[in-house]
Amino acid sequence: MKRKYFYRTAAVSLAVFVSAIFGTSSYNANAAPINHSIHVKGTSLLKVNDYDVLYCTPIGPYVNEEKRLMVPLRSVAELLGAKVDYNGKLQEAKIRWSSNEIVFQKGAKTYKLNNTPAQMDTQPEVIQDAFVIPLGVLLRSMNIPFEYRNNKVILKNPAFDQSKTFQRVIELDQGRYIVDNPSALDIQNFKLVEEKNSAGETRGSITVSGLNRTGSTIREGKEDLHIIGYFNQTVDMDADFASIDIPDRKRPKVNPKGSVSQNMSYYKINDPLQYILTAGRTIQTKNERK
């Protein structure tokens, strides 16, 4: 059973990056969401601090035909805590993070970094009026270190937790207080299906699998494959603390190199999906918390 949380809101070289990160992916770039639906099957390609980023409007991270990891500029920049401004007249996006300012223009393969022209090595895309750019350009421009492990880019910086998005998530994710291994499960495959009708009603479902990489058995009661649906007005996630009306969900034993999966369904009215985030962790059992 799910508990619904409601929160109202108004350095690695380029060569290494390209050869390591952009090998293979089952994410289908042609499955970009259209007007009233999202249908995506893929693998996790990006992790920021404790959460894998499976979807960020209007399309989740994917690998293009040139083997570059592409991300929607505004969604990812705001997730990391950057300030984003868009000038519709000039059709350009300006991103500020730390002491750096980056300017991208629609249809241009060049961009400006602190007023100095620079060249991208792949063509940016526009999907549903959103700039979609190579993640590597953003990371190098903002001097954000990263590592590549288990076929995904991993970003770690305490500053990211100060973004408005992560502040909301951290405030509501009570399971963070009883975590004993924040990276016990490596997020693997996922499937996101969402249908929206003309009345603004949206029904969606996200299924995620995680692989036990601890090298030992995860005992029953400790698995916490934690899916978070981040919407414009609300945040949905599992309840990690039992209550009178919501019992603990079943948390199965997971053998070494074994997998576990979880599903979250949602129904919304005029509350569009912004992000799907997932933590792959273990938590303290009720007896361990005594």
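**Strand pairing and side-chain contacts in the predicted model**

Within strand E15, Ile154 is the bridge partner of Glu147. The structure is a predicted model, in which local features require pLDDT of at least 70 and side-chain atom pairs are counted only at pLDDT 80 or more, whereas totals for chains, interfaces and linings use all residues. Residues are numbered from 1 along each chain as its sequence is written, and side-chain values rest on heavy atoms, with hydrogens and water left out.

Helices (H or I, at least four residues) and strands (E, at least two) are taken as DSSP runs, numbered from the N terminus, and two strands are said to pair if DSSP finds at least two bridges between them. Strand E14 (residues 147-149) pairs with E15 in the antiparallel sense over three bridges; the two strands form a hairpin with two residues between them, and Asn150 in the turn has a positive phi of about 55°. Strand E3 (residues 46-48) also pairs with E15, here in the parallel sense and over three bridges, with Val153 of E15 as the bridge partner of Leu46. In a regular strand the side chains alternate between the two faces of the sheet. Both faces of E15 (residues 152-155) are covered, since Lys152 and Ile154 on one side and Val153 and Leu155 on the other are all buried, where buried denotes under 20% relative accessible area, exposed over 50%, and partly exposed the range in between (1.4 Å probe, protein chains only).

A search of the whole structure for salt bridges finds 21, each defined as a side-chain nitrogen of Lys or Arg within 4 Å of a carboxyl oxygen of Asp or Glu. One of them joins Arg74 to Glu78, at 3.0 Å from N to O; both residues belong to helix H2 (residues 73-79) and lie four residues apart, about one turn of the helix. Arg74 is partly exposed at 38% relative accessibility, and Glu78 is partly exposed at 31%. Another salt bridge connects Arg213 and Asp186 at 2.7 Å, N to O. Because Arg213 lies in the loop between strand E18 (201-212) and strand E19 (223-231), and Asp186 in strand E17 (residues 185-196), this pair ties together parts that are 27 residues apart in sequence. Arg213 is partly exposed, with a relative accessible area of 43%, whereas Asp186 is buried at 9%.

Arg249 and Asp238 form a further salt bridge, in which the closest N and O atoms are 3.3 Å apart, and both residues are buried. Salt bridges with shared partners join Asp173, Glu223, Asp224, Asp238, Asp240, Arg249, Arg251 and Arg281 into one network.

The count of aromatic pairs comes to six, on the criterion that rings of Phe, Tyr and Trp (its six-membered ring) have centres within 6.5 Å, with planes under 30 degrees apart counted as stacked, over 60 as edge-to-face and the rest as tilted. Tyr51 and Phe166 form a stacked pair, at 5.9 Å centre to centre with 25° between the planes. Tyr51 lies in strand E4 (residues 51-56) and Phe166 in helix H4 (residues 164-172), so the contact ties together parts that are 115 residues apart in sequence; both residues are buried. The pair of Tyr230 and Tyr275 is edge-to-face, because the ring centres are 5.5 Å apart and the planes stand at 75°. Tyr230 and Tyr275 are both buried.
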